[in-house]
Amino acid sequence: MSRPGSHGTLLTVAPTGAEHAKVDVPQLPVTLEELVATAEACEQVGAAMVHVHVRGADARPSLDLGLLKETVAALRERTGLIVQLSTGGAVTDPEADRLRVLDALPDSASCTMGTVNFGDDVFMNRWGFVVALHEAMRERGIVPEYEIFDIGQLASLRRLLDRHGLPAGGKVHVDLVMGVPGGMPGDAETLTAALRLLPEGASFSATGIGRATLPVMLTALASGGHLRVGMEDTLSYAKGQPVRDNAQLVARAAGLARIAQRPPLSPADARALLGVRS
Ligand code: KMH
Ligand code: ZN
């Protein structure tokens, strides 16, 4: 099926996340220098966007505004990637801190469309907070990526757009995050079912967590979708083989995209797809 931008594939790298500890995963990029070097390496092998969670000096997740601003500036200086900040943060982060992320003025930011069980935790995204994120992004000219952890959240997205209008940039882009324990499973049937609920004209990427990585990636490619990969989502390259680094995951996704005759989009083409200003 032809979908927005489907002549090529938007590759997003999510290099760090908020869940893994540096002591357990030494190759996880946590310092500013590690993050920027990772972003440069991933851009070289085909990434067009970076989904960023930052860590503090103790390597723990942080939503410190100064650090976020410094990170956005460094990524813009040393890469051409679209810079997307996470407003999801860690499950323990308060709403006010998550909203303040937008003051770092990234190109794009995530906006999760509902509350979901998240392993043994709860990832809270009440309706009023979702609306606040959507509107604050529009006021600042930040393009949202609507994160969908469960299929009913696509109905919430339609409701959001009906009641509160289109986001900054005028395009709607969704990321299906599949395989979180508590959310929708990461398999071909569920991805296909989710696509029936996508808002008209929306583009989508998909992300398979852990062992869902490959089935979700292959199904998304075959369905005209885009891909998010990275160590936020998977630490295993293959059975018994830990991920070497984020660029390894991006390079594999780029190779599969080329095999599918949908090569990686340049950052400029990805900006046009998402409605992100240049
Ligand atoms: N860390 C998760 C609780 C996002 O970045 O917007 C939420 C998350 C989603 O990673
Ligand atoms: Zn994230």
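Helices here are DSSP runs of H or I with at least four residues, strands are E runs of at least two, and both are numbered from the N terminus. H2 covers residues 65-78, and its axis sits 10 Å from that of H1 at an angle of about 35 degrees. Axes are lines fitted to C-alpha atoms, for helices over the stretch in contact, and angles run from 0 to 180 degrees between N-to-C directions.

A word on what you're looking at: this is a predicted model, where local features need pLDDT of at least 70, side-chain atom pairs count only at pLDDT 80 or more, and totals for chains, interfaces and linings use all residues. Residues are numbered from 1 along each chain as its sequence is written, while chains are lettered from A and ligands numbered from 1 in the order in which they are written.

Now show the side chains where these two helices meet. On H1, pick Leu32, Leu35, Val36, Ala39 and Glu40; on H2, they meet Glu70, Thr71, Ala74, Leu75 and Arg78. Contact means C-beta atoms, placed from the backbone, within 7 Å. Six of these residues are nonpolar, one is polar and three are charged. For the classes, Ala, Val, Leu, Ile, Met, Phe, Trp, Tyr, Cys and Pro count as nonpolar, Asp, Glu, Lys and Arg as charged, and the others, Gly among them, as polar.

Look for Thr38, Ala41 and Cys42 in H1 against Asn246, Ala247 and Val250 in H8. That contact has four nonpolar, two polar and no charged residues.

Next, colour the strands. What order does the closed barrel of eight strands run in? Follow E1-E2-E5-E6-E9-E10-E11-E12, with parallel pairing (strands pair if DSSP finds at least two bridges between them). The twist averages 25 degrees from one strand to the next. Zoom in on E9 (residues 143-148) and E10 (residues 173-178), joined by three bridges; Ile148 has Leu176 in E10 as its bridge partner.
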